[in-house]
Amino acid sequence: MPRTSKQDEARPVPRGKAATINDIARLAGVSKKTVSRIINRSPLVRADTREKVETLMRDVGYVPDPMARGLAFRRSFLIGMIYDNPTAQYIVDIQYGALDALRDSGFELVVHPCDSRSPNYVDGVRRFVQQQKLHGVMLVPRVSEDQALADMLDDVGCRYARIAAVALDATDRMVVTHDRDGAAEVADYLQSLGHREVAMITGPAAYRSAIERTHGFVGALQRRGIELPPSRLVEAGYTFESGVAAAEKLLGAKKRPTAIFCGNDEMAAGVYRVALRTGIQIPKHLSVVGYDDSPLASRLWPPLTSVRRDTRDTGRMAAAMLLQSDGGARPLSSVRPHLVIRDSCQPPA
């Protein structure tokens, strides 16, 4: 009976069988995608991982399939951006940030607007990802909050980066904007001015950002002994028109608030419209605060106090995350909001 050497016992591939890319991935303890990147000389792999896999390929005599290599190469240089968001300026700023990160990288950005209320929108995103052979995708609120969409991307092997108000995934897949903290700062500021008769116009209840901003604002008021009655918490749609409708409700009440916090600057502009039409002077009769600190905030008169979250930096961080090499957990990426004080607030009359 022939003797079996230790080398034969550890042979990674059966005798007479050509090694496959799956064999290489298994033996190296990495993903198939990582092996493919190494074959195609992608810069997105750590040097030690590259050396380990290349040594293993030489040892087992692995020869990449030219057609598979070509397909992988075409997949390597497109980053997708998927969004369903009614705020045009937010989307533009996210795109600018992503383009900042992709500049000189050899990657290009392709965008895919969708309607997350549609029952088959996840299937539509799947087709987009597979047809474009995307290297990865950025998920912008509200679609970033949909776990079914993230699970689908996992199933098809497409990496992703989620932008959201709170951490919803692994740290190497998240950019967190901490919306609750920004809204709490607004409550503290208005209370410091002496406002107790306050109101809030929130975004849609289906948006995690709206939930976090509402909890942050209401919770901070409660900690200071101020209760926000349900009649002064009005849901709107993150649009100018919905801000007008909400402001009409609040400012038409028998006892109107002395300050209104709006879930974004578009809705705050709607409050300005109603205040102007009804002869309510800002900030003499009414203080107004927005969220996002978009260019609109400094163009309104008086200039709008607003919570700044660096949207462009958020997009840059999400895109850069998709360019990073595989391997190991990374710290959570965060964009911290802070209040920018302008002329739209003063102590109540």
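This is a predicted model: local features need pLDDT of at least 70, side-chain atom pairs count only at pLDDT 80 or more; totals for chains, interfaces and linings use all residues.

Next I traced the strand order, which reads β7-β6-β8-β9-β10-β12. This is an open sheet of six strands with mixed pairing. At the edges I found β7 (233-235) and β12 (338-340), each pairing on one side only. From one strand to the next, the twist averages 20°.

I then zoomed in on β8 (residues 259-262) and β9 (residues 287-292), which pair in the parallel sense over three bridges. Which residue of β9 stands opposite A259? I found S287 there.

**The parallel sheet.** A further open sheet of six strands runs β2-β1-β3-β4-β5-β11, and its pairing is parallel. As a reminder to myself, strands of a sheet pair through backbone hydrogen bonds. Here β2 (108-113) and β11 (333-334) stand at the edges with a single partner strand each, so one side of each has no neighbour in the sheet.

Inside this sheet I checked β4 (residues 159-164) and β5 (residues 174-176), which run parallel and are joined by three bridges. I163 has V175 of β5 as its bridge partner.

Two helices went into my notes for this sheet. Helix α8 (residues 147-155) packs on it and touches β3 (136-139) and β4, with a direction at about 165° to that of β4. Helix α14 (residues 311-323) touches β1 (78-83), β3, β4, β5 and β11, and its direction makes about 160° with that of β4.

**A helix pair.** I turned to α2 (residues 21-28) and α3 (residues 32-39), whose axes come within 8 Å and cross at roughly 110°. Angles of 65 to 115 degrees count as roughly perpendicular, so that is how I logged α2 and α3. By class I have five nonpolar, two polar and one charged residues.

**Cysteines.** How many disulfides does the model have? The count comes to zero. I also looked up the accessibility of two cysteines: C158 is buried at 2% relative accessibility, and C262 is buried at 0%.

Key
Residues are numbered from 1 along each chain as its sequence is written. Side-chain values use heavy atoms; hydrogens and water are left out. Two strands pair if DSSP finds at least two bridges between them. Helices (H or I, at least four residues) and strands (E, at least two) are DSSP runs, numbered from the N terminus. Axes are lines fitted to C-alpha atoms, for helices over the stretch in contact, and angles run from 0 to 180 degrees between N-to-C directions. A disulfide is a pair of cysteine sulfur atoms within 2.5 Å. Buried means under 20% relative accessible area, exposed over 50%, partly exposed in between (1.4 Å probe, protein chains only). Angles under 35 degrees count as roughly parallel, over 145 as roughly antiparallel, 65 to 115 as roughly perpendicular and the rest as oblique. Ala, Val, Leu, Ile, Met, Phe, Trp, Tyr, Cys and Pro count as nonpolar, Asp, Glu, Lys and Arg as charged, and the others, Gly among them, as polar. Contact means heavy atoms within 4.5 Å.
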